[in-house]
Structures are given as structure tokens and as C-alpha cells.
Amino acid sequence: MATQLFEGKEHASYYQKFRFEPTQEIIDLIFSYVDERLQKPYGFAVDVGCGTGQNTKILSQYVKKVLGIDISEAQIEEAKKASGSPNVTYSVSPAEEMPVGDASVDLLTACASAHWFNIEKFLKEVDRVLKPGGCLAIFIYFADMEVHYKDRSEQMTEVFAEVMNILVPYQHEKFNNMKTAYKEIYEAIPYPDKRRIENIRTKIQMPLSSLMGLFLTFPAFQIYLKTEPEKAKEVLRTAEERFLRIMGTSSTETEVEVWLQNLVLLASKPQ
Ligand SMILES: C[S@@+](CC[C@H](N)C(=O)[O-])C[C@H]1O[C@@H](n2cnc3c(N)ncnc32)[C@H](O)[C@@H]1O
């Protein structure tokens with residue numbers, strides 16, 4: 001089952017440590033849509049498939065009360081440990097059956113998670129829990145990332161892509177079909193007020209050590225580690241050595257810039 005992919009405790013702790021938050025551009029895009037449709041202050045947001053709370057924490061700066069839900073106990077446990085916001089709570093729950101009342105939610109978000117859901121059931125549940133005029137924001141960044149460093153970006157991106165290619169046989173089909181899935185999700189949203197914003201490029205600075213950690217957050221890498229532990233570790237070792245050689249440094253704390261392609265789907269339930 002797709003949802004079992006995030007159940008390992010060690011995986012969840014890597015996820016908490018190395019998986020990045022949505023960038024401010026994406027958050028601004030979402031809230032400029034919400035601002036046009038809802039009265040401030042916003043009362044209640046639910047972040048669905050919240051993982052270890054990457055997006056949930058950010059919502060807490062804009063909305064009075066935020067609930068993060070995820071089907072994985074391990075992810076929720078890590079989210080709770082890392083939570084510093086008094087207005088955020090977390091709960092283990094499927095996206096298709098949310099622990100909230102009818103017409104109670106102002107904003108519902110799903111960051112990098114909706115491709116794992118049963119979309120028909122999820123969208124029915126969205127319709128049940130959203131207030132009239134309430135907003136839905138589904139967003140994703142894709143795995144074909146670029147790694148930039150000075151004039152060496154092409155070689156850096158090549159190494160990243162080679163590791164991702166090694167992982168293809170271990171990827172779940174839902175992951176491999178992600179781009180198509182988001183087209184289908186958009187078409188299935190039953191509201192006339194909906195938008196699809198594609199090809200949004202965002203950039204995140206991180207030390208090389210965090211980029212190496214990012215590989216550990218991919219479910220496919222965890223499966224590779226379980227099935228071929230020595231080979232998987234060797235792939236990471238070799239990739240790190242190659243990155244360092246290309247960068248001409250010996251420090252994994254040297255910063256690189258990761259460029260992401262994002263897609264944002266926005267919709268609002270009719271009044
Ligand atoms: C790639 S992670 C995204 C986590 C986080 N939102 C982020 O931005 O990094 C996908 C998450 O969706 C969760 N998930 C998968 N299927 C789910 C479902 N049916 N209901 C709730 N959560 C689900 C997984 O457990 C996992 O934590």
C-alpha cells in the first residue's frame with residue numbers, strides 16, 4: 001500500500017530533518033487567492049498528508065488554529081516532537097476521513113501528498129469539511145530538481161539525476177505518474193472557481209549535507225536501503241564524493257542551490 005511507504009520511524013526522522021518547507025512564493029500565491037475569497041482572520045486550516053509538519057507550521061502564522069493530519073503514525077510522532085507552535089495540533093488520520101466537522105474548515109492544504117490519496121473519496125471529504133467559500137490548495141514540487149553551484153550546475157544536476165534514475169525501479173507507480181495524477185486531480189475538483197498554476201520555479205539554498213539527506217527522505221531510497229543496503233550506501237557515498245569533486249571543496253557544509261518546479265492547484269467551494 002502506498003501509505004505504508006512513510007511508516008518507518010527512521011524514515012520519519014530523516015523526513016523531519018531533511019525535507020524542506022514550501023517556499024514563501026508558494027505560500028504567498030496561496031494566500032493571495034485565499035485573501036480574495038475569505039474574510040480575515042482565518043479561523044481553521046487543515047493540512048492533509050502533513051508529514052512531519054513542513055507546511056503545517058507555516059500555516060500557523062496565517063491561521064488561528066491549524067490541524068495537521070497524516071496516515072503515518074511515525075510522521076505524526078516526529079511532527080509533534082518538532083512542533084513549536086501553540087496553535088497547531090497533529091492527528092493520525094486518513095485524508096479520506098478527516099476528524100473534523102461539516103463545513104468547519106476555511107483552508108485545506110495538501111503539500112506533496114495528494115498523489116497518494118484516493119482522490120474521489122478525498123474530494124468528497126473536502127466538500128464535506130470546507131465552509132462555503134472555503135479554499136483548497138493542493139501543491140507539489142517535482143523530483144526532476146536542478147542543483148546549482150557556481151558554473152558547475154550542469155554537472156551537479158547530472159549527478160542528482162543519476163541517483164534519481166537508480167531509484168526508478170524502487171519508485172511507487174503513484175510517484176512515477178505524478179504529473180498525470182495532478183492533471184486528473186485538477187479535472188476532478190468539482191468547483192467552478194479553480195486554478196492550475198504550473199511551472200513555478202522556486203530556489204532553496206542548503207548545504208550539500210542537506211542535499212545528501214534529502215535522498216534519505218525519498219521512500220524509494222528507503223526501499224533501496226532495505227533491499228540492497230550496501231549498494232544504496234555506496235550510491236550515496238559516490239554521489240557525495242562526485243559533488244565535492246565538481247565543487248572543488250572538501251566541506252559538505254558548502255551551500256548549493258536547489259531549483260524546483262512546482263505546481264499549485266487552487267479552488268474555492270461555492271458560497
Ligand atoms: C511526500 S510526504 C509530504 C509531507 C509534507 N506535506 C511535506 O510537504 O513534506 C506525503 C505524506 O502523505 C501521507 N499520506 C499518504 N497517503 C495518505 C492518506 N491517504 N491520508 C493521509 N496521509 C497520507 C504520507 O504518510 C506522507 O507523510
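This is a predicted model: local features need pLDDT of at least 70, side-chain atom pairs count only at pLDDT 80 or more; totals for chains, interfaces and linings use all residues.
Residues are numbered from 1 along each chain as its sequence is written, and local features need pLDDT of at least 70.

Let's start with the ligand.

Now zoom in on the polar contacts (pairs of N or O atoms within 3.5 Å). The side chain of Y15 places an N or O atom 2.8 Å from a ligand oxygen. A95 uses its backbone instead, with an N or O atom 2.8 Å from a ligand nitrogen. A backbone N or O atom of C111 is likewise 2.8 Å from a nitrogen of the ligand. Taken alone, the ligand exposes 600 Å², and the protein buries 98% of that (Shrake-Rupley areas, 1.4 Å probe).

Next, the backbone. Most residues other than glycine have a negative phi, and most peptide bonds are trans. Yet K40 and P41 are joined by a cis peptide bond, with omega at about -5°. You'll find P41 in the loop between α2 (24-37) and β1 (42-48).

Two residues other than glycine show positive phi: A112, near 55°, and K150, about 40°. A112 sits in the loop between β4 (105-111) and α5 (119-129), K150 in the one between β6 (146-148) and α6 (153-167). Are they buried (under 20% relative accessible area) or exposed (over 50%)? A112 is buried at 16%, while K150 is exposed at 69%.

Notes. Side-chain values use heavy atoms; hydrogens and water are left out. A polar contact is a pair of N or O atoms within 3.5 Å; within protein, one must be able to donate a hydrogen and the other to accept it, and residues adjacent in sequence count only if both atoms are side-chain atoms. Helices (H or I, at least four residues) and strands (E, at least two) are DSSP runs, numbered from the N terminus. Buried means under 20% relative accessible area, exposed over 50%, partly exposed in between (1.4 Å probe, protein chains only).
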